Amino acid sequence: MGNGITLSEIIEKMDLKCLTPEVDIVEKEVNIPDINRPALQLAGFFDHFDSKRVQIIGNVEYKYVQTLSQERKLEIYDKLLSHPIPCIVFCRGIEPEKEFLVRATVNGIPVFNTAKHTSEFTAEIIRWMNVRLAPCISIHGVLVDVYGVGVLIMGESGIGKSEAALELIKRGHRLVTDDVVEIRKVSDETLVGSAPDITKHFIELRGIGIVDVRSMFGVQSVRETQNIDLVITLEDWSRDKEYDRLGLEEEYTEFLGNKVVCHRIPIRPGRNLAIIVESAAVNHRQKLMGYNAAQELYKRVQENLAKKRR
């Protein structure tokens with residue numbers, strides 16, 4: 001098996017009904033995060049046919065095939081099903097003809113159907129496959145949804161990442177993952193973080209052990225995935241190091257070629273990390289909405305100096 005999506009995963013995730021139970025799907029995978037609606041192929045044009053994609057047949061394609069003569073229809077079925085198609089999905093609960101299913105079974109091509117409308121199903125499967133097949137790395141950190149902002153908390157082991165996450169959860173925010181964050185590059189602008197299945201919803205607290213966040217705080221305290229919008233790196237405070245006190249210029253860190261805004265937060269006894277993370281998240285949202293507090297302060301100072309010169 002490779003790095004693709006198994007058909008078993010697709011069946012489970014998309015709630016598909018298998019119409020060709022005789023076809024063995026154990027070794028079959030989908031490796032391209034896109035679909036094809038074979039309208040042109042059903043009309044007989046097979047040039048540039050991307051047969052390695054999931055093929056989706058909706059009401060329009062099905063109705064067109066019904067207008068063909070039986071001889072032409074079987075000819076098209078034979079041509080279409082001679083290609084190495086990973087699977088074919090009929091939408092709107094459409095049941096294909098027996099002749100189609102027989103030929104699909106002979107060629108080892110799985111056929112499924114779903115009650116969902118074609119456009120709805122297409123959008124859903126493309127979105128899911130884009131995330132599932134995106135380039136992925138694993139890093140050490142904690143990912144939390146704070147006011148809708150995906151905050152990735154990083155830092156050396158034992159610096160207080162999990163404790164900060166636990167305090168944020170108690171304040172009504174949601175945990176995505178603790179300790180290991182799987183980051184997927186969904187697009188040139190979007191990184192999505194999730195938890196490995198084995199550690200999902202768990203937090204490790206030194207001196208206490210493993211805590212099940214979902215059981216302790218309820219299902220509203222966790223979520224499966226979250227875009228990574230902001231990185232906060234915790235580090236031990238050093239008297240000799242200069243820290244940004246205005247925030248006029250953004251710092252960035254890079255994952256899979258995508259840049260993410262990054263703040264370095266020095267840690268000292270008595271600092272409330274949860275409130276600092278909340279403030280950073282809200283400040284980030286303000287900047288996205290066009291308001292920058294540091295620039296506003298700079299503007300006021302400049303205006304004040306200009307008045308004094310008059």
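**View 1. Packing of helices α4 and α5.** The axes of α4 and α5 come within 10 Å and cross at roughly 25°; axes are lines fitted to C-alpha atoms, for helices over the stretch in contact, and angles run from 0 to 180 degrees between N-to-C directions. Helix α4 is therefore roughly parallel to α5 (angles under 35 degrees count as roughly parallel, over 145 as roughly antiparallel, 65 to 115 as roughly perpendicular and the rest as oblique). The crossing of the two helices α4 and α5 is right-handed, a crossing being left-handed if the near helix is turned anticlockwise from the far one by less than a right angle, and right-handed if clockwise. From α4, residues Q70, L74, Y77, D78 and L80 meet E99, F100 and R103 of α5, where contact means heavy atoms within 4.5 Å. Helices (H or I, at least four residues) and strands (E, at least two) are DSSP runs, numbered from the N terminus.

The model is predicted: local features need pLDDT of at least 70, side-chain atom pairs count only at pLDDT 80 or more, and totals for chains, interfaces and linings use all residues. Residues are numbered from 1 along each chain as its sequence is written, and side-chain values use heavy atoms, with hydrogens and water left out.

View 2. Residue Q41 is found in α2 (residues 39–42). Q41 is buried, at a relative accessible area of 6% (buried means under 20% relative accessible area, exposed over 50%, partly exposed in between; 1.4 Å probe, protein chains only). Its side chain makes a polar contact with the side chain of N36 (3.5 Å); such a contact is a pair of N or O atoms within 3.5 Å, and within protein one must be able to donate a hydrogen and the other to accept it, while residues adjacent in sequence count only if both atoms are side-chain atoms. When neighbours within four places in sequence are left aside, Q41 is in contact with N36, F46, F49, I76 and L80.

**View 3. Aromatic rings of F46 and F49.** Rings of Phe, Tyr and Trp (its six-membered ring) pair if their centres lie within 6.5 Å; planes under 30 degrees apart count as stacked, over 60 as edge-to-face and the rest as tilted. By this rule there are three aromatic pairs. The rings of F46 and F49 have centres 5.9 Å apart and planes at 75°, so this pair is edge-to-face. F46 is buried at 17% relative accessibility, and F49 is buried at 11%.

**View 4. Aromatic pair of Y77 and F100.** The rings of Y77 and F100 are also edge-to-face, 5.0 Å centre to centre with 85° between the planes. This pair links distant parts of the chain, 23 residues apart: Y77 lies in α4 (residues 70–80) and F100 in α5 (residues 98–106). Y77 is buried, with a relative accessible area of 5%, and F100 is buried, with 2%. Together with F90, Y77 and F100 form one aromatic cluster.
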